[in-house]
Amino acid sequence: MNKFIAVLVSCVLMQGCASTLKIDPQPLDGQQEIYQEGVEAVISPKNALVAIRPSTNTYSSEDRPTFVVSVLNGTESSFNFSTEDIQVFVDGAPHKVFTYDELVAEVKRRQTWAAVAAALNGAAQSMNAANAGYSYHSGTTNAYAYDNYGNSAYGYGSYSGYTYNAAAAQQAQATANAQTQANMQAIKNQTEQSLNSLSSTMLKKTTVSPQSWHGGYVTIAKIPNSAQLHEIKVVISAAGENHEFLLQHFKVEQ
């Protein structure tokens, strides 16, 4: 019971370490502040119109910051647009912007390690199942004997051994196999969901035709010392022009 309490307390403390963070766009000269889906966004109008906003009003320090970036091609020529056209600086230092391919590779790596863990767990369950048919028995015996002349004798002994129940072992093995297969299928389903989500939401390299919109989610690396106030600068290149955005990153006081 003490061990259970210790684990429970540890989990509570770990959850308590997570902070609620916020990214607040700061409109610069010539930019316009609007709201998209209840979240503050900033629009920079030039030959191409570029909009940026946090994906949510607040997010957990356990997660990575994510933005929604949209571009409207107001020129007469097409241009390609992707995360390669987005630069992020935190307090003046270059900051990691993840590409769509990097995020896909990360999901697949997680799938691989999860499958390895499930396989190891399945092997352990299979070994336990192989031993499930064995039962250990032990005990003691006492014996008394008398002859026709009134003499008596006393004997004492002990016994131990194993018995094997093939049906029990087979049932345990079937249960272990079914659990391993279920774990593998759950990992596969989770991976497919994650990949589908990335494909439908993340910004991917696309040719933006004249008078057309394109956009998606952009994920950056976690902000170091996230509980402190930070200045985030995002520079987005579209139609040969740079659009600079300023955002403040800070911890939300509970």
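This is a predicted model: local features need pLDDT of at least 70, side-chain atom pairs count only at pLDDT 80 or more; totals for chains, interfaces and linings use all residues.

Residues are numbered from 1 along each chain as its sequence is written, and side-chain values use heavy atoms, with hydrogens and water left out.

Let me begin with the sheet. Helices (H or I, at least four residues) and strands (E, at least two) are DSSP runs, numbered from the N terminus. Two strands pair if DSSP finds at least two bridges between them. Here, 5 strands make up an open sheet with antiparallel pairing, in the order β2-β3-β4-β6-β13. The edges are held by β2 (32–36) and β13, each with a single partner strand, so one side of each has no neighbour in the sheet. From one strand to the next, the twist averages 25°; the axes behind such angles are lines fitted to C-alpha atoms, for helices over the stretch in contact, and angles run from 0 to 180 degrees between N-to-C directions. Strand β3 (residues 39–45) pairs with β2 over 5 bridges in the antiparallel sense, and Glu 33 stands opposite Val 42 in β3.

I turn to salt bridges. The term requires a side-chain nitrogen of Lys or Arg within 4 Å of a carboxyl oxygen of Asp or Glu, and by this rule the count is 5. One of them joins Lys 205 and Glu 84, at 4.0 Å from N to O. This pair links distant parts of the chain, 121 residues apart: Lys 205 is in the loop between α3 (166–201) and β12 (206–208), and Glu 84 in the loop between β7 (79–81) and β8.

Salt bridges that share partners join Arg 64, Glu 106 and Arg 110 into one network.

For accessibility, buried means under 20% relative accessible area, exposed over 50%, and partly exposed in between (1.4 Å probe, protein chains only). Glu 106 is buried because its relative accessibility is 17%, whereas Arg 110, at 48%, is partly exposed.

Finally, the loops. Asp 91, between β8 (86–90) and β9 (93–95), has a positive phi near 55°. Asn 225, between β13 (213–219) and β14 (230–238), has a positive phi near 50°.
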